[in-house]
Amino acid sequence: MGVLVFAEHDGAAVTEATRRAVSAASALGAPVDAVVAGGDEAEDVAASLAGTGVGRAWLCQGAPYADQLPEPLAERLVALVRAEGYEAVVAATSTQARDLLPRVAAGLDVQMLTDVTAIEDTETFVRPNYTGSVLARLRCREAVQVLTVRATNFAPPAADGTSPAVARLEPGTDPGLSRLLEVQRTDSSRPELASARVVVAGGRGVADVGVGELEALADRLGAAIGASRGAVEAGLLPNDAQVGLTAKVVAPDLYIAAGISGSIYHVSGMKDSGVIVAINKDPEAPIFDVADYGLVADLREALPQLLEALEPS
Amino acid sequence: MTTYRAPTRDLRFVIEELIGLERLAGLADLEAVTPELLEAVLAEAGRLADEVWAPLNVTGDQQGCSLTDGAVALPEGFADAYRAFVEGGWNGINAPPEHGGQGLPAVVASATQEMWHGANMALALAPMLSAGATTLLQRHGDASLRERFLGKLVSGEWTGTMDLSEPQAGSDLGQVACRAVPDGDAYRLHGEKIYITWGEHEAAENIIHLVLARTPDAPAGHRGISLFLVPKYLVEADGSLGARNDVHCTALEDKLGIHGSPTCTIAYGDREGAVGYLVGEAHRGLKYMFTMMNEARHKVGLQGVGVAERAYQQAVAFARERIQGRRPGGEAAVPILHHPDVRRMLMTMRAQTEAMRALALLAAAEMDVAEHSPDETARAAAQRRVDLLTPVVKAVATDQAVETASLGIQVHGGMGYVEELGVPQLLRDVRIAPIYEGTNGIQAQDFTLRKVLKDGGETLEGVLAEADGVVEALRADSALAGLGDGLAEALAALRGSTQRLLRDGADDALVPLTAATPYLAQAGLVLGGWLMGRAALVARQQGDAGSGDTAFYTAKLHTARFYMRHVLPRAHGYTPAIRGGSDELEAIDDEHW
Amino acid sequence: MKVLAAVKRVVDYNVRVRVRADGSGVDTANTRMAMNPFDETAIEEAVRLREAGTASEVVAVTVGDAGSEEVLRTALAFGADRALRVESDAPLEPLAVSKALAAVADREQPDLVLMGKQAIDDDSNQVGQMLACHLGWAQATFACAVTPADDELHVVREVDGGQRTVAVALPAVVTTELELNEPRYIKLPSIMKAKKQAIERLGLAEIAVDGSPRLELLGVSEPPPREAGEQVDSAAALVDRLKNEAQVI
């Protein structure tokens, strides 16, 4: 009985996405437990689940688990699900969950669901196909439901004063199939435009304020820099930053268009972005038609103010 | 920015379903074409066209070419895109395997050529001109010339040019003055050629010019012209490149369009004389040139289809996105695609383009039969059809392409007249197509006098008899009967025009010359109607067969209907002009013009 | 080393698919089909391994209907040595596909299976990991660099917030990101050669795989259009919305 959430963490606490995965899991109508893989830090991580409603936190500690290698971890999770009779395994969509959960599902011989965006009832789910241009409704009556869920589509759990009971898992055998050699974190250098989670794009309007301000905003948000054709032609930004139908087509979670009027060509290259922000001094600029949030303002004022508002308080 | 996606599905529809792959079965020395092979070839050519060639189209227009110290700088990316095409083996697509080609039928090659032109007409001119030079060399060059030059022309490692025009010798090539003086085994050429497409560039290692010139003993006029092969770099016996020949680009034309294609003035023999080799026999140069004219003119027609397709795609994309105005009774503003007049324009563009694509590919299939059928009678019959259809494809497809590119601008409104989205380029580029390789006026004369009146209309009647069959089939289907009636009326109009010209032309040579252009336009519309009627029949069958491609065939059916109702009836409008004679044209004295 | 490269035929990435009027699925009629772009990266990598002398043979495999043999021809034109189709007229779910591929791996005994990280039609991102589980092999998903090293492979994986480099013992399953390489343009002579090559076929029954679906598709729909946006009056208000409402920063 119950739902098992795979709790991803940053070495100290579970991620915000995991907290939302817990709330998604609770929609399945059964008590929610969690499993934390790691080394010594796992206990702190488990403690960070306090208030989420998780009843029990399994600690899966030891060498292969600390490196988050999928082969031993999947094997251990399959054994845990079987031993405890869990009816569902849930994780927030992430590269780790997408790596791990299919292996767990195969071990359980069930067909899993990737990137669930809505849970309609305990067996009816919605997930995107075709890069989000189609939504599929699916009924899943597998013996164990295995899902990754898109965290931003689920609210964080309401704080409830609970604290999970902590239980240690016996380590399984390490199949020794893979070793972690190196972890590289992207920090200083900006991400690739095509795959960036956040894109800050500048148009001709950037000439008013200078490219430095745009770069500062991008760095602050860990964003890639994009450009309209106007900005490229004006020599403000490099050609390989150009976003548009026949240049780069991007769909980041957040797209900030600064000083971009919003030609059809440009919009076709970014309209599938999650959230679109437009900042332009012309209130009639077509970019506002596709923006979720619009700010009519001069970039000379708006960009410094934005940077200031983003400073951690 | 203009978008272009190679219309591979439409091309397959024409080749597989309108023409039929079975028509190519049994042709000697050609690779067998299965539907799967056709799809793979078109998909991969389309990928290169879409991803590598098409994005450079606007670059070519904006940057153009420049000449510095005799060297031509191409637009950014052009040389690499050309090399990618060569490395992909696309240049030799229908060349015989013994010369390193792939031995595919001309109809398949033509489908890829439409894509190259749609993706980037200026760049596609390089292989197009090479193909003409290659054909001439293949047919008329002696073994030693073929051995030395053909392989690299087929592969595309070298490009070729066609050097015909001189300042005083345009449509009348009898005026050619370029001189060729014997010098040992070779000749030395002196003279100047103009409008040499891709006459100088560095995208290929060598450039092989095929040049019309006169030998010292030559008679005046057409009969005194010989054809010479003049390489930019001399080629040693072992095939390696030798000295730079005395061939130089002295100027580039500043043109309305195709800015990415260097149109060169080429000077031969400014210094010691350019080394040239006689191709075939002396004094037969023009004759040789005409043996490849059909192919060259056919390729210009394909250019028209390619650019028209691009104009259509761009206009549809814009019409989908541009929100403006309301439908009758509607509250909200809608994409302009939903306005009847915009739909009418788009459908006109589409219907004309589909009709001309079908006609151009059909002519290519006839070329395959004419060259490769084991049956001599079939070869001869197919060749007569090629001769008949070539001026139609060349002139009607390019005239309609100009109209289509212009309609593309119209659909865009103001955004079509400004350069931002790359729309005007298409009109500027394709505007040359009715002019070069024989103006459309010359095509009309050729069609009317040589292709129709000369054989008493027999070859044309053979084609129209097939169209009668389409009329019958359409009338046999109650849902298509109206289309059959429309086609029948148009066929009657064309037959009437032909009879009239046969009758009146016998007495007065000016009658057919005056009527030629409207007569060719009428014939083009009717021949397009024949094939659109066939498309309607195929689409109906496929629809009944419950093919998975319902939407595709439904669109084909409606496009054919539109053609029959809105485009084909224009054919009747030409009748008075065809019958009107030339009195008023001749009545005014020259000084009153 | 012998490499098995798994490829799938999907709706071309340029095509915007439309939902059927009755919501029963996606209208794929009149759509351009092509090899899944991630799989192109996989076959390209496999062929490069052979060109570099690391791999001795590349076998391309797909699971699908007769039409999907087109992507096998494409794989052959890329440079695969052989091609094999597991026949299934109905589209299979990832679990069934992974079982079919496991059966093929049992027969072919490859040292490495390469495939795209996901197919761009159903976007499941499951088959490689499931296959590795069935075979009991190592897996390295989201590969953006693959380097052979003695008896193992060093694989740089694209993960959230950076990269993880792992060493996987062979045999292994590696799934590819587009960043791994730039697939070549296929040459016309390669297409002509590929069309003459034989394609082996295997029935699902022959390999004892049950292709019946586990999930029930209730319907598909297009996502609701973008709602009218909100005008905010200051940079501070904007940051507040992004943090607390949209939760994207």
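Helix H10 of chain A, spanning residues 299–310, has 12 residues and reaches 16 Å from its first C-alpha to its last, close to the 16 Å expected at 1.5 Å a residue; the expected span of a helix is 1.5 Å times one less than its number of residues. Helices here are DSSP runs of H or I with at least four residues, strands are runs of E with at least two, and both are numbered from the N terminus. The structure is a predicted model, in which local features need pLDDT of at least 70 and side-chain atom pairs count only at pLDDT 80 or more, while totals for chains, interfaces and linings use all residues. Residues are numbered from 1 along each chain as its sequence is written, and chains are lettered from A and ligands numbered from 1 in the order in which they are written.

**Helix H10 of chain A and its cover**

Within H10(A), the buried residues include A:Leu299, A:Ala302, A:Leu303 and A:Leu306, a residue being buried if 20 or more other C-beta atoms lie within 10 Å of its own, exposed if 12 or fewer, and partly exposed in between, with C-beta atoms placed from the backbone. These residues lie on the same side of H10(A) because they cover an arc of only 95° around the axis, where the arc is that of the directions from the helix axis to the C-beta atoms. An α-helix has 3.6 residues a turn, so residues three or four places apart point the same way. The cover over the buried residues of H10(A) includes helix H6 (211–221), strand E14 (254–258), strand E15 (275–280) and E16 of chain A, together with H6 of chain C.

**Where chain C meets chain A**

In this interface, 62 residues of chain C are in contact with 63 residues of chain A, contact meaning that the C-beta atoms of two residues, placed from the backbone, lie within 7 Å. Among the elements of chain C that give two or more residues to the side touching chain A are helix H3 (94–108), helix H4 (127–135), strand E9 (138–149), strand E15 (230–232) and helix H6 (235–245). The largest share of that side, eight residues, comes from E11(C). By residue class, the side of chain C that touches chain A divides into 31 nonpolar, 18 polar and 13 charged residues, with Ala, Val, Leu, Ile, Met, Phe, Trp, Tyr, Cys and Pro counted as nonpolar, Asp, Glu, Lys and Arg as charged, and the others, Gly among them, as polar.

Strand pairing also links these two chains, since strand E16 of chain A (residues 293–296) and E15(C) pair in the parallel sense over three bridges, two strands being paired if DSSP finds at least two bridges between them. In E15(C), C:Gln231 is the bridge partner of A:Gly294.

| Property | Chain A | Chain C |
|---|---|---|
| Secondary structure | 10 helices, 16 strands | six helices, 15 strands |
| Box of C-alpha atoms along the principal axes | roughly 65 × 40 × 40 Å | roughly 65 × 45 × 40 Å |
| Buried residues | 55% of 313 residues | 51% of 249 residues |
| Share joining residues at least 24 apart, among contacts at least 6 apart in sequence | 65% | 68% |

The domain assignment of chain A gives domain 1 (3–168) and domain 2 (198–310), with bounds that come from an automatic or database domain assignment, and 36 Å separate the centres of these two domains, taken over C-alpha atoms.

**A buried loop residue in chain A**

A:Ala223 is found in the loop between H6 and strand E13 (224–227) of chain A, and A:Ala223 counts as buried because 25 other C-beta atoms lie within 10 Å. Leaving out residues up to four places away in sequence, A:Ala223 touches A:Arg190, A:Ala196, A:Val198, A:Val199, A:Val200 and A:Ala218. The C-alpha atoms of A:Ala223 and A:Ala196 are separated by 6.5 Å, although the two residues are 27 residues apart along the chain.

**Chain B**

In chain B, strand E6 (residues 206–214) is mostly covered, with eight of its nine residues buried. E6(B) pairs in the parallel sense with strand E3 (residues 158–163) over six bridges, and in the antiparallel sense with strand E7 (residues 225–231) over seven bridges. B:Ile208 in E6(B) is the bridge partner of B:Gly160, while B:Val230 in E7(B) is the bridge partner of B:His209.
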